[in-house]
Structures are given as structure tokens and as C-alpha cells.
Amino acid sequence: MRTVAALREDYVSSKQALRAAHSPAQAAELLQALTALTDRILGELWQRHEFSDDVLLVAVGGYGRGELFPHSDIDLLILLPEQPAPGLLEKLEVLVGELWDTGLEVGHSVRTMADCLTEAEKDITVQTALLESRLLCGDAARFVAFRDTVHRHIDAKEFFDAKLLEQQARYGKFQNATYKLEPNIKEAPGGLRDLHLVGWIAAALGLGRDWHALACLGLLTTEENQKLQRAEHVLRSYRIALHWQARRREDRILFDYQHLLASQFGFADTVTHGKITLRASEALMADYYLAARVVSQLTPLLLHALRSRIFSQIGQAPVCLNERFQLRGNTLEITAPDVFQRQPSAILELFLLYEREREVADIAPETLRALWHARLSIDDAFRADAVNRQLFIDIFREPRGLTRVLRRMNQYGVLGRYIPEFGHIVGRMQHDLFHVYTVDEHTLMVLRNLRRFAVPAFTHEYPLCSRLLEECEHPEVLYLAALFHDIGKGRGGDHSQLGRDIAARWVADQPLRDADRELIVWLVEHHLTMSSVAQKQDVYDPETIQEFAALVQTPRRLNALYLLTVADIRGTSPKVWNAWKAKLLEDLYKATQKLLASRNITAHSWVEERQDEALRLLQLYGLRRDAHEAFWKELDTVYFLRHDAREIAWHTRQLFGRVNAPEPVVRARLSESGEGLQVLVYTPDQVDLFARICSFFEKAGYSIFDAHIHTTRNDHALDSFYVFIPDSRNTNYRDLINYVEFELAASLARAAPLPTPQKTRVSRQQKHFPVQPHVLIRPDERGKYHVLAVTAGDRTGLLSTIARILANYRIDIQSAKIMTLGERAEDNFLISGKALGDERTVQQLETELLQALQPQ
């Protein structure tokens with residue numbers, strides 16, 4: 001009998017041999033071979049201990065169904081007799097130790113049959129694992145009795161409902177999105193777990209668990225069976241390759257592995273006219289998305305069919321809706337199998353009824369199957385039909401159910417067939433480091449966000465957005481603009497301009513008012529404008545507001561663009577949206593709204609209004625009427641244009657009696673956005689002040705996302721910083737404020753040499769999709785200052801690096817707009833200095849900044 005060390009050597013070498021012997025096209029064979037290898041090693045270890053036959057070694061879970069991936073856990077059940085023999089548990093402890101010594105990644109439980117039934121009753125996961133049990137060692141008759149007992153104790157109805165709830169919870173973890181850029185191949189919608197779900201429910205019903213068995217029962221057509229087997233093969237192959245590449249259990253197709261997997265599976269870059277138009281990794285992901293889409297299309301049909309076997313609908317007479325559709329219980333179904341062939345318009349009518357009929361909870365599986373097969377009838381003639389055009393627009397006019405309907409239309413290929421340009425963006429990746437969804441998935445997220453504004457239960461989230469949407473006269477215009485806003489992506493060039501042209505051609509033939517057509521096209525063209533103005537320009541500067549108002553022109557455009565912008569940013573990634581961006585957008589919206597309502601606002605009246613409001617706020621704190629005079633006489637008009645009344649009042653209170661203070665004054669408070677801190681720094685001016693402040697915040701791990709830099713008439717720097725504190729949910733803000741005020745003031749007072757910039761690692765995403773730095777210095781529109789625009793991969797120390805170089809050229813920073821989009825930084829600085837008057841020096845400065853910003 002071999003030693004544990006010999007068994008380990010056998011297991012490791014045999015596993016490597018299986019890897020070398022099996023190509024990616026042999027997924028099923030490899031899974032079976034890994035299972036057989038594990039069975040053999042386990043069997044030999046078991047025999048070493050000479051257990052009696054009434055002690056069973058049982059494979060459960062994925063290992064039990066014979067689907068063992070290279071680094072998946074090996075799930076085992078050691079089934080004890082009801083009266084275990086003395087010393088048995090001690091022998092089992094030795095066995096478990098040997099399992100790990102052999103290199104097997106084991107997850108095990110030791111139970112009696114009664115224990116199994118008790119645990120299964122409490123935990124659906126245990127019940128599911130036992131369904132897939134397979135005998136490895138021990139008495140076969142006892143195992144059959146055990147398996148039969150387990151099956152008898154499974155209530156098919158309860159099991160079905162529990163697994164569906166489990167699926168819903170699992171989908172929620174992935175925002176119900178099939179098309180993420182780094183999807184989880186096992187757990188995400190359309191992943192392997194959905195296929196397992198069908199198998200578990202079929203097994204609970206005693207129907208077998210392979211697709212051939214379900215096809216023989218009439219639950220799948222031959223074509224569907226082939227497509228599902230192909231999809232399962234793709235998912236299995238990619239998961240196997242992921243495990244091999246990661247050398248551990250890794251089920252996410254991370255950017256780190258996409259290029260390697262693409263090469264392994266034979267994908268290559270597509271080159272057109274010397275330019276890469278489709279990366280190999282994108283081709284790989286397109287193959288994955290196609291497989292996931294088939295799974296998400298066909299598994300609901302199977303689940304519906306299995307449900308009908310469990311929950312009999314006998315006695316439920318259909319309620320006729322019209323000659324094409326009827327309602328059976330709460331399920332919408334066609335009245336005859338050939339409805340879509342006889343009347344193709346019924347394809348869109350189905351979705352309209354799905355929205356309109358409140359009793360409808362779902363669509364019957366046979367209707368979905370008929371729809372899937374009929375989708376190819378959506379051609380040019382179908383699109384040109386006036387009835388179909390009206391039906392499609394009516395879908396967007398219904399007050400409820402639009403998000404659900406559009407997801408179904410996309411899931412079954414109807415949306416991409418009806419609008420071919422939308423089909424072009426289905427499954428299209430976005431390598432911009434801040435989108436986490438494919439283009440079509442992002443588009444549906446934006447639509448979901450817009451519809452969420454209309455749901456009373458979510459009014460508290462964004463009260464202004466909810467009010468504006470409620471007041472919107474034709475909200476379908478906004479939804480259609482959202483549908484088209486990114487439709488120009490993947491075509492080369494400016495997607496906003498390309499999308500505008502696509503939208504213009506499409507709306508020209510639709511049953512819409514001329515004003516609505518114009519608004520849709522305008523929104524698609526300018527859907528990025530408001531975000532850019534809010535995050536790159538000074539939204540408290542009247543000239544910025546006047547320029548933006550001149551573009552927007554009408555309150556209707558402003559309202560629609562604001563709603564679309566909020567929904568769009570929130571639909572990119574959970575990490576991109578924050579309270580500060582929300583405040584900037586809302587302040588820009590309100591200032592523009594005010595200007596549109598009263599066209600005669602001037603810079604002078606703007607300043608007067610802010611000063612009056614600031615004085616009113618100061619009186620609320622009991623300050624004497626002349627408390628502001630000493631501070632305000634050191635300020636110019638630019639200061640009052642760049643700060644709102646609340647900020648002016650706060651500065652005035654904090655600096656009362658300290659206008660000529662020789663030592664640094666640092667004050668902090670919780671930001672009005674409710675996220676992060678607003679920090680005031682008032683100190684005698686110095687060239688490298690901005691760099692010092694940035695270094696302090698970077699060392700503390702805080703992110704600067706906005707800065708107003710101002711120099712007073714008495715040569716003091718008056719700077720406002722807005723900083724974000726990572727992981728601040730449980731932070732005591734009072735302690736944090738005390739720390740910033742004391743430590744930053746002390747740091748500035750010391751005036752020590754600037755610390756060496758921190759060296760940081762490039763993030764995982766930037767390694768695979770590096771951001772090429774871009775630097776541009778140009779005069780601003782008024783000719784008084786220059787604008788420095790910087791684009792680079794975000795990293796710790798980025799701001800202080802820029803500030804150091806500017807300080808070396810004795811360039812003053814007037815204001816800074818710090819915009820971080822995922823891993824991409826897009827920062828804009830308003831700068832001044834004598835060096836900017838020399839073109840050669842400007843070029844040298846740009847070159848030095850570019851070199852410093854190169855990925856490390």
C-alpha cells in the first residue's frame with residue numbers, strides 16, 4: 001500500500017498530465033478525467049483505514065455530479081451508521097488530515113442519515129448537495145436506501161420556490177446584469193449556475209439532469225438542445241482555462257486573463273487598414289456573451305416548463321385578451337402556436353400587453369419559445385410598418401414595466417433586430433476603466449435609473465429628479481434618448497456625433513412630434529455635456545452658467561439633460577457616482593434654471609446676491625453687522641464669483657479676527673454633499689503650497705476631488721479643498737476634523753522640504769488597459785489665465801507630482817477640478833505665471849509633465 005507522499009506525487013503529476021493531454025475543446029472529457037483521478041486517489045486513501053461497509057464515502061455537489069473543475073473544492077459526505085463504532089471518529093480525523101496532505105482541496109461533512117435529513121430541512125444548500133450524491137466507497141445497498149430517503153424528503157414545490165429565491169438573490173449581487181466586463185462565469189446571470197439550477201430541479205422531479213433527457217421529454221427542441229450544449233461547453237471550457245491560468249479557483253474572467261485566454265482559444269486581433277478594430281480579448285468575450293445569452297434565453301423556458309409539472313394549472317381557464325393573446329392565471333400566452341407567423345406585429349404587441357395588463361406576472365414558456373424562433377421575421381418590411389412603429393413607441397409611453405420589457409426584448413434578440421444599430425452594441429465591451437458593463441447593459445441600466453425616478457418608493461433617493469420626471473410632459477422622449485445615447489459606440493469617431501446621426505435617421509420615421517424628435521437628437525448629441533461642465537468647469541462662475549444656458553436654451557432641454565446625465569453617470573459603475581458629483585450637477589442645474597428664468601442677470605448682480613445671502617447667514621450666528629468688513633476688503637470680485645453664499649459665510653466666520661494671521665489657519669467641516677470634508681487653508685502665500693497640501697492628503701490616504709485656489713489682496717492664500725475619505729462609514733468625523741486641522745496646520749508651519757513622492761503600483765486594470773497620458777496647456781477664453789488639462793491613469797501622488805512641477809516653473813494654480821472616472825483621472829487646472837508667456841517654456845513644461853505621468 002502506497003504512502004501518503006506517494007499518493008500526493010501521483011495526484012499532482014496525473015493532474016498535470018491531464019492538463020497537457022486535454023485541449024480546450026475537450027471540456028467534458030477533462031472534467032470526467034479529473035473526477036476519475038480524484039475517485040481513484042480517494043479510494044486508495046479510504047482502503048488504508050479498512051472502514052466497515054456501513055461507513056460510506058459519498059461525493060456531493062459538483063464533484064458528486066462528476067463535474068470537477070481543476071481547482072474546485074472536492075465536496076465529500078462521510079455517512080456514519082446511526083451507532084458509530086468506538087474509535088471511528090478518531091480514524092476519520094486521521095483520514096481528513098491525509099486528504100489535505102495528498103493535495104486534495106476537500107470540503108467535508110461527517111453525519112448520520114438523521115443528521116443529513118435534519119440539516120437538509122434547515123438549509124436548501126445542503127438539500128441541493130445531497131441531490132447530487134454519488135457513492136465512492138461503502139455498501140451500495142445502504143447508499144441506495146440513503147439516496148431514496150433523501151428524495152422522498154424533498155418537497156418539489158418548496159424546493160423549486162427556494163431555488164428561485166436563491167437565484168434572485170444571486171442575480172442581485174450582479175445587478176441582474178449578464179454583460180459585465182469582468183463577469184463571474186459561474187454565478188452571474190447566464191452562467192453555469194443557471195444550468196445547474198435546471199439540473200437540480202429536474203433531478204428533484206426525477207427527470208434526469210442532462211439536456212438529452214429533457215429533450216426526450218419534449219422540454220427542449222433539437223435546436224435548443226444543441227445551442228444549450230454548445231453554451232455549456234463554452235462556459236465549462238473558459239472556467240477550466242481560468243482555473244489553470246490562476247492556479248486556484250477563479251471564476252471571474254478578469255482583464256488579467258482575457259488576453260491569455262483569447263490566445264489559448266485561438267482568437268486574434270482583427271486589423272483593418274493597419275488599425276486594430278477588434279481585439280482578440282473582445283472576440284473572446286463576445287463568444288462568452290453569446291453563450292451566456294443562450295443560457296439566459298433558454299433556461300427560463302426550461303424553468304417554466306418544470307414549474308408547470310410541479311404546479312398544475314388544470315382548471316385555470318384562459319381569459320381572452322384578444323384573438324392573439326390570452327391570460328392563464330397570471331401568465332401571458334399566445335392563443336395559437338403560429339400567431340407570430342400569421343401576424344408578425346404580435347411580437348411587439350406581446351411586450352405592450354406585458355406592460356399594460358397589471359395581472360401579468362410573466363410570459364408563458366411556449367410563448368417565449370415561439371417568440372425566440374420568430375425574431376428573424378423582424379426585417380426591413382417589419383420596421384417600416386406603421387403599426388409596428390406605433391406599437392414600439394407605445395411601449396415607451398406605458399407608465400410601468402418598461403425596464404422589465406426592454407430587458408426581455410434584448411434577452412430574446414427583439415431589440416437588436418428592430419433597431420439594428422442597437423444590435424451592434426449588444427455585448428460590446430468598453431475599455432475605458434470606469435464602465436463595468438457592456439454598452440447595451442449600460443444602456444439598460446440608464447433606462448432603469450430613469451424609470452426609478454418615477455417610482456414613488458424611491459422618491460427619497462433623488463427628490464429633485466423624481467419631481468422633474470413627474471412634471472415631464474412626454475417622458476417617453478427621455479427614455480428613447482437614453483436608448484440611443486451610446487448607440488454610436490464601437491464605430492470609430494465621436495460616439496455622440498455618430499449617435500446623433502443614427503437617432504436623427506431613426507426618429508424621422510417614427511410617430512413622434514417634431515419637437516420630441518428634435519429633443520431626442522439633441523440629447524443624444526449632448527448627453528456628456530452637462531457632466532463635463534459640472535466636473536471640469538467652475539459651476540459657480542456666472543460666465544460658465546451663461547455659456548451652458550446658451551447651449552441649453554430652454555427649461556425643457558435643461559430638465560431632460562439633467563435627468564439623463566444623473567441616470568447615465570449612475571449607470572456606469574457603482575464607484576463612479578458620489579454625493580459630490582450629485583451636488584455639482586444639482587448646483588449647475590439650479591443656476592442655469594435661474595438664468596433661463598431671468599435673462600438679465602449680470603456678474604455684478606450675481607455678486608450682490610451672494611453677498612446679501614452670506615450676510616444673512618452670518619447674522620444667524622450672532623456676528624455683529626460689520627464682522628465681515630476686514631475680511632471682505634481683502635477679496636476681489638473673482639472670489640465672490642467662485643464661491644457660493646454658504647461658503648463665503650463659512651470662510652468669514654472662520655477668519656473673523658485672523659485676517660492678517662502670520663501662522664496657517666486650517667479649518668474643516670463635513671461637506672455639504674454629506675460625503676467627505678471641506679477644508680479651508682488660509683496662510684501667507686508660497687509657491688509650493690498646493691504641492692504641500694496635496695502631499696499631506698495623499699500621505700493620509702485622502703482623495704482631493706475639487707479645489708478653489710485664491711490669493712487675497714494681503715498676499716494670503718485662501719484655498720478650499722474637498723476631500724474624500726475612503727471607508728469613512730464608521731469614521732468619527734469630529735476626530736477626523738481635529739486631525740486634519742491640527743496636523744495640516746503644523747505641517748504647513750514647519751515649511752520643511754517637500755517629501756519624496758510616493759511610489760505606487762499601477763492598478764490591475766491599468767496594467768491591461770493603460771491610460772496614455774495627455775497634457776494640454778492653452779489660454780482660457782478670457783485671456784487672463786491658462787488652462788492645464790491632464791489625462792492620466794489615476795494613482796496616489798498624481799496631484800502632488802503635477803503641483804511640484806508647476807511650482808518649479810513658479811506657476812500659480814487658481815483652481816483645480818479633479819475628476820476621477822474609475823482608474824482614469826481627468827484633471828483641469830486654471831493657472832497663471834510669467835513662464836506661460838513663452839511658447840518654448842510651455843512646450844518644455846508639457847513634455848516634463850508627460851514624462852512624469854507615464855505609467856510606472
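Helix α31 covers residues 603–620, and its 18 residues should span 26 Å at 1.5 Å a residue. Its end C-alpha atoms are 26 Å apart, so the length agrees with expectation. The coordinates are those of a predicted model.

Which residues of α31 are buried? They are Trp606, Val607, Arg610, Ala614, Leu617 and Leu618. These residues cover an arc of only 105 degrees around the axis, which puts them on the same side of α31. The general rule is simple: an α-helix has 3.6 residues a turn, so residues three or four places apart point the same way. On the other side of α31, His604 and Asp612 are exposed. The cover over the buried residues of α31 includes α28 (542–552), α30 (579–597) and α32 (629–632). Also part of that cover are α33 (637–642) and α34 (645–654). After α31 comes glycine 622, with a positive phi near 80 degrees.

Leu88, Leu92, Leu95, Val96, Glu98 and Leu99 are buried in α4. They sit on the same side of α4, because their arc around the axis is only 160 degrees. Glu90 and Glu93 are exposed, on the face of α4 turned away from its buried side. Both helices and strands contribute to the cover of the buried residues: it includes α1 (4–21), α2 (27–47), β2 (74–80) and β3 (106–112). Just after α4, glycine 103 has a positive phi of about 100 degrees.

Strands β2 and β3 lead on to a sheet. It is open, has 4 strands in the order β3-β2-β1-β4, and its pairing is mixed. β3 and β4 (134–137) stand at the edges, each with a single partner strand, so one side of each has no neighbour in the sheet. Neighbouring strands of this sheet are turned by 30 degrees against each other on average, direction ignored. Strand β1 (residues 56–59) runs antiparallel to β2, joined by 4 bridges. Alanine 59 has leucine 76 in β2 as its bridge partner. Helix α2 lies across β1, β2 and β4, and runs at about 40 degrees to β4.

Another open sheet of 4 strands has the order β7-β8-β9-β10, also with mixed pairing. Its edge strands are β7 (319–320) and β10 (362–363); each has a single partner strand, so one side of each is left without a neighbour in the sheet. Helix α16 (residues 365–374) packs on this sheet and touches β9 and β10. The direction of α16 makes about 50 degrees with that of β9. The strand pairs are listed here.

| Strand pair | Bridges | Sense |
|---|---|---|
| β7 and β8 (325–328) | 2 bridges | antiparallel |
| β8 and β9 | 4 bridges | antiparallel |
| β9 (331–334) and β10 | 2 bridges | parallel |

Valine 319 stands opposite leucine 327 in β8. Glutamine 326 stands opposite glutamate 333 in β9. Leucine 332 stands opposite isoleucine 363 in β10. A hairpin joins β7 to β8 through 4 residues. β8 and β9 also form a hairpin, with 2 residues between them. In the turn of that β8–β9 hairpin, glycine 329 has a positive phi of about 70 degrees.

How many disulfides does a search of the whole structure find? It finds 0. Cysteine 465 is buried, because its relative accessible area is 1%, under the 20% cut-off. Cysteine 694 is buried as well, with a relative accessible area of 0%.

Now the chain as a whole. It has 856 residues, and 56% of them count as buried. Its secondary structure comes to 39 helices and 18 strands. The C-alpha atoms fill a box of roughly 95 × 70 × 60 Å, taken along the principal axes. Among contacts with a separation of 6 or more, 71% are between residues 24 or more positions apart.

Conventions. Residues are numbered from 1 along each chain as its sequence is written. This is a predicted model: local features need pLDDT of at least 70, side-chain atom pairs count only at pLDDT 80 or more; totals for chains, interfaces and linings use all residues. Side-chain values use heavy atoms; hydrogens and water are left out. Buried means under 20% relative accessible area, exposed over 50%, partly exposed in between (1.4 Å probe, protein chains only). The arc is that of the directions from the helix axis to the C-beta atoms. Contact means heavy atoms within 4.5 Å. Two strands pair if DSSP finds at least two bridges between them. Axes are lines fitted to C-alpha atoms, for helices over the stretch in contact, and angles run from 0 to 180 degrees between N-to-C directions. A disulfide is a pair of cysteine sulfur atoms within 2.5 Å. The expected span of a helix is 1.5 Å times one less than its number of residues.
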